[in-house]
Amino acid sequence: MRDPANKNGGWPLFEVFIRSKQGLSHVHAGSLHAADAKMAIENARDVYTRRNEGTSIWVVPSEAISASAPEDKGELFDPADSKIYRHPTFYTVPDDVECL
Amino acid sequence: MVHEAGSSDDMRERFDAWVAAENKIEPQDWMPEGYRKTLVRQISQHAHSEIIGMQPEGNWITRAPSLRRKAILLAKVQDEAGHGLYLYSAAETLNFSRDQMEADLMSGKAKYSSIFNYPTLTWADVGAIGWLVDGAAIVNQIPLCRCSYGPYARAMIRVCKEESFHQRQGFELMMALSHGTAEQKAMAQDALNRWWWPAVQMFGPPDNDSPHSAQNMAWKIKRFSNDDLRQKFIDMTVKQAQALELEIPDPDLKYNEETGHWEIGEIDWDEFWAVVKGHGPASRQRMANKRNAHADGAWVREAAVAFAEKERAGAQNVAE
């Protein structure tokens, strides 16, 4: 996903995910360099949550993330295009029948 | 989205069409080398500006006139560090390492905004920077929130949200001084006199001397020309100066009834280029501080790595 040799003074790169409030999932906020995961969380607090943006932080070493390749987009996602019967709007039902 | 298939001309054509249709480019997508290089240069230069930009204001943290002003200034300088880090993070997605960016800054190969090579001589300069420099930065940065490169656009959205506090605290500080004693008002006017022209120059060379603009506009990296953004800043700031009861240091400044815009006198581009080339009043000091801080911090970075390795080894021994 990223240059694996991308270090900052020997510190590896971590991806940061923030949960903004209980009930919502963690969302990718950005990345930062840290010597280890503990420092990455401490630094993420200062970099990404200075204004109450978070209630919980995840950090993941960037090199641990596997990503789908852009050239596989068609193969992975196009098959869903033709399956319109997976959406409720595909079905015709009478207007006056409730709770459908 | 464009991926590697077909000839490079085909890919380039599909890329141009994709971007022209206001679609975003993400890190793994195919992109022309020129697009990547332009972004690396612009984003890293922007990040370096945030980092070097901590120095002129940091100069006043220990001498802020009240605890309230000190807390505000500390928070602002901390934000600048944060903005630098969001931007480094965005630039790193272009497969350009942070170590290399730091090295380029310290060797002088990479530039940063020339405005930070001016000294902060009085407390009023802290207000003038927030009001004028951050004000100009906002005008520059709001269109960048719609930049075609996803990670840069996302970083800029965060930056812009936070930047508005910077401009407002600066204006409030200037207001307190300009409506204070005669001495305080004179100090505010002196700061405006020194910061006005460098702030106007922040938008870069005039359109007829900005060779990469057309390509950057086509790539949707840039949305408005330097002169258009500059005009927007001038119109907005002249009115703010009136509210502060301060005078813009330009005898040629006049309102054009027909266009509805304020027109300014000649900009000293010789001074601008001299400062860009490293001959600003505080250029050497800014670079020396950066290099010294980097060298002085080396043992901390090394110790942190050694500690992390020791902790990992310890955890492994326990597991065995």
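**View 1. Residue classes in the lining of the second largest pocket.** Welcome to the lining of the second largest pocket, where eleven residues are nonpolar, twelve polar and eight charged (Ala, Val, Leu, Ile, Met, Phe, Trp, Tyr, Cys and Pro count as nonpolar, Asp, Glu, Lys and Arg as charged, and the others, Gly among them, as polar). This is a predicted model, in which local features need pLDDT of at least 70 and side-chain atom pairs pLDDT 80 or more, while totals for chains, interfaces and linings use all residues. Residues are numbered from 1 along each chain as its sequence is written, chains are lettered from A in the order in which they are written, and side-chain values use heavy atoms, without hydrogens and water.

**View 2. Helix α4(B) in the pocket lining.** With seven residues, α4(B) gives the most to the lining of the second largest pocket (helices are DSSP runs of H or I, at least four residues, and strands runs of E, at least two, numbered from the N terminus). Chain A takes part too: β2 and α1 of chain A each supply at least two residues of this lining.

**View 3. Where chain A meets chain B.** Here 27 residues from chain A and 27 residues from chain B make the contact (heavy atoms within 4.5 Å).

**View 4. The salt bridge of R50(A) and E162(B).** The side chains of R50(A) and E162(B) pair up at 2.7 Å, N to O. Across the interface of the two chains, four salt bridges are found (a side-chain nitrogen of Lys or Arg within 4 Å of a carboxyl oxygen of Asp or Glu). On the side of chain A that touches chain B, β2 (27-33) and α1 (37-48) give two or more residues each.
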